[in-house]
Amino acid sequence: MTPPPSAATKSPPTVSLAGGETLAARLSTKTHDLLAAAGADRRLTWTNPAWQPLLGWTAADLGGTSYHQLLHPDDLERVKAFERDVLDGRAGDRPEIELRLRGRDGAFRWFSFGVSHSPADGLVFLSGKDITARKRSEQELLAAEERFRAVTGSTRDAIVSADAGGQIIFWNARAEEVFGRPASEALGMSLTDLMPERYRDAHRAGVARFLATGDGRLMGSTAELEGMRADGSEFPLELSLSSWTQNGELRFTGALRDVSNRVSDRRALREAEERFAGAFEGAAVGLMLAAPDGTLLRVNHALCELTGRPGNALTGRSLDELLHPDERCVDDDALRAMLAGQTQRLAIERRLLVADDGVKVVRINLSLIRSTDGEPLHFVGQIEDITERRGMVEALTLSEARYEGLMAHLPDSTMHLFDDELRLLVSVGDRLRAHGDEAQALEGRRLEEVLPPESFERMAGHYHAALAGESRSFDLDSSDGTATYWVQTAPLRDDGGRIIGGMALSRDITARRDAERALEDRARELERSNAELEEFAYVASHDLSEPLRMVSSYLQLLRRRYHGELDADADEFIDFAVDGAARMRDLIDDLLTYSRAGRGDDALEPVDTRALAERIADGVARVEHPEARVTVGPLPTVLGDEQGLGQLFQNLIGNAVKFVPTDRVPEIEVSSERVGNVWSFAVADNGIGLDPAYADRIFRMFQRLHTRDQYPGTGIGLAIAKKVVERHGGTIWAEPRPEGGTRFHFTLPATQVPA
Amino acid sequence: MTERRILLVEDNAGDVRLTREALREADLAVQLVAVPDGEQALAFLRKEGAHHDARRPDLILLDLNLPRKNGLEVLEEIKGDPELRRTPVLMLTTSSSARDVSACYDRGVNCYVVKPLDLDDFTGLVQEINRFWLEVARLPPH
């Protein structure tokens, strides 16, 4: 959380005061953090408006409530222990605690609370940051991590990850078997320790080239290499390599498979041509025999099954014709090299067109068979369906780094990765699970089957746009209108920039949308009822004054003409009646002033608040207390309604002079400081002070804390002040000064004032 | 000096009496004629009906809220009538609304005064009006 501004920017003797001002300053910038003050009895004496949007509590709900009552039951003991630590000074300079608070709707949210304790008066200041989202993403992260472990633990492939320096940072159970090394030994070793000596220089050069230029020849493809076991023996392996970035650092992940058996199969084929046919037909993997020009001569049963086509639909056609149009060419150079005897084998991954317009990702291992005199006879191709495995490798690559990065920052979100056939490759987040299936079970299926039909219909155009290379982001209401999502779609590209699929990220922003709408509704409703109230107050007070004038005028006339001529009782009765009528007149006058203060008839104009405050201070002092000392510091020029602001200063300075014990000379200081995009004004006095319990109440109409005999007045001055400030878009509040007296604060927007 | 005449257009008998009392306390030689609504005020000024022998007043005190024809309408008719428009008209009303004040001056009122709530203030005001409008100010000849 943000540390509070240093108290050193204030004068040293008022450190706790500076704390109070920080509270005020933060509130005035409309912080989203919860701010509160509580007494030694844990009862909340002041809360800022942020409690309402976050938890639904208004200041009125919370005032006088012990914050213990808002805690999650599981947190109570921990909080009590923390409080003891804070009181004993054992909690450090800046004590913080994470806890849950109950909202008005009964739901709990997580907060990180910073606490400062003022030993002098037992006050506790609380500042809470909403960390609900962070808590949730921490849990999601744990789940993602667990899933990653589960997948890597069960795969048939050895999974090895290394950092940019080649040091091994992940080693799954299968890797332990394949290389004969336990994870405890392998972690921290170099990748080069896994390969025979003769490959190491080429490996280092390749890594250096990739780091320098991003040219990763092996990235995203499959290669056959030799690996070295712990005992130094070598074995053929097949490697799928990918790179990813975690916290800005490059990582490599390889999926490796021991292919010793496959290699020896192939050797057997080459060695025993006459036994070829039997082995060919019976092989469990798809096999094909092709002429040196690529025409298919023969296919085996497994390949027919793989493609879903009968043998006679395949033979006679070129291998290229069976491949996806985007990648037909089997790499002529590599074929020529093989024909020229430079290479023995070619392993490529391609998309294979299968029956019913389907596509499968296959690995094709091509070998060239030569006659005994060395002439090329034909190619033997081994075709293996790796659609599933390919998806898994991609998912793995993602799950470790990218999920973390993405999902940790995006709670309430779902992410789909899909291929160019709109098949779901990966999905993360809550939404699919809500649909009824485990997300993993859905991977590999078409989005059309996975998503509710109306969702798919509305999204299909965006999916296709992503596949066409277009990134979009937009708000989408659910078809029944109950939810709103923020959706982003974008193409996914391979290392070569080719679009291989798309991504759709949707974030549930229903709560935010609802909150915004509710807020708008409430603001409108409030505005309307305020306007009505003002109209009512204006009309009522206006119409009341007419009969009141009669009552009061004739009472006065009665007293003037007949005082002393009736008996003593009658004189006293008339005096009470005259006094009551006079008081009612004052109330109606104030009510009129109050209702006018909110009418907003006057246009805003630049107001030099310093000149205004000085003028008013002079007037107030002259009338109320000629000895009063009013110091007006530098104050800004703001956009406002001069009459209203005059009333504001009049009431604040007037109160400051008025509420001072008779044996004391009033000393008032008016000051201001810039806090963010508002001006924060303060009017401080050396008066009778203020019980924090009433700090809110004093701003209500006709609320008085003292009898009229002690301090005269109708109790409307601060209500008018509040109205003026709020009409200018500011807030007003009061607090006792630790050294005695009261300090009133109010804010006004620091709008650019036209010169 | 001849006795001055004031026409008070005021529907509230309490206010009429109060004005009379204020004049009495000030011991002023003024004749106060009161009519309770706008139509009667105009009838009086134009010497119509029962008012055929009415004499033109030196000053008109006009309330805003009147039954039938309200103060603004009466003001408009007076100031739109070449026979009547020279007579000074003072609005004497409880309304302190800026809108009312502007509307009256727009229609050519000579002065706009808000009735004070306090009796002493009211008495003072009545005396002030008399002093200024009937003694200081030069009025048009009858």
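Buried means under 20% relative accessible area, exposed over 50% and partly exposed in between (1.4 Å probe, protein chains only). The model is predicted: local features need pLDDT of at least 70, side-chain atom pairs count only at pLDDT 80 or more, and totals for chains, interfaces and linings use all residues. Residues are numbered from 1 along each chain as its sequence is written, chains are lettered from A in the order in which they are written, and side-chain values use heavy atoms, without hydrogens and water.

**View 1. R4(B) and D58(B) form a salt bridge.** The closest N and O atoms are 3.4 Å apart; a salt bridge is a side-chain nitrogen of Lys or Arg within 4 Å of a carboxyl oxygen of Asp or Glu. The pair links distant parts of the chain, with R4(B) in strand 1 (residues 4-9) of chain B and D58(B) in the loop between helix 2 and strand 3 (59-62), 54 residues apart. Helices (H or I, at least four residues) and strands (E, at least two) are DSSP runs, numbered from the N terminus. D58(B) is buried at 7% relative accessibility, whereas R4(B) is partly exposed at 21%.

**View 2. D201(A) and R204(A) pair in a salt bridge of 3.2 Å, N to O.** Both lie in helix 8 (residues 197-213) of chain A; they are three residues apart and therefore separated by about one helical turn. D201(A) is exposed, with a relative accessible area of 58%, and R204(A) is partly exposed, with 43%.

**View 3. A salt bridge joins the side chains of D85(A) and R90(A).** The N to O distance is 2.9 Å. D85(A) is partly exposed at 26% relative accessible area, while R90(A) is exposed at 55%.
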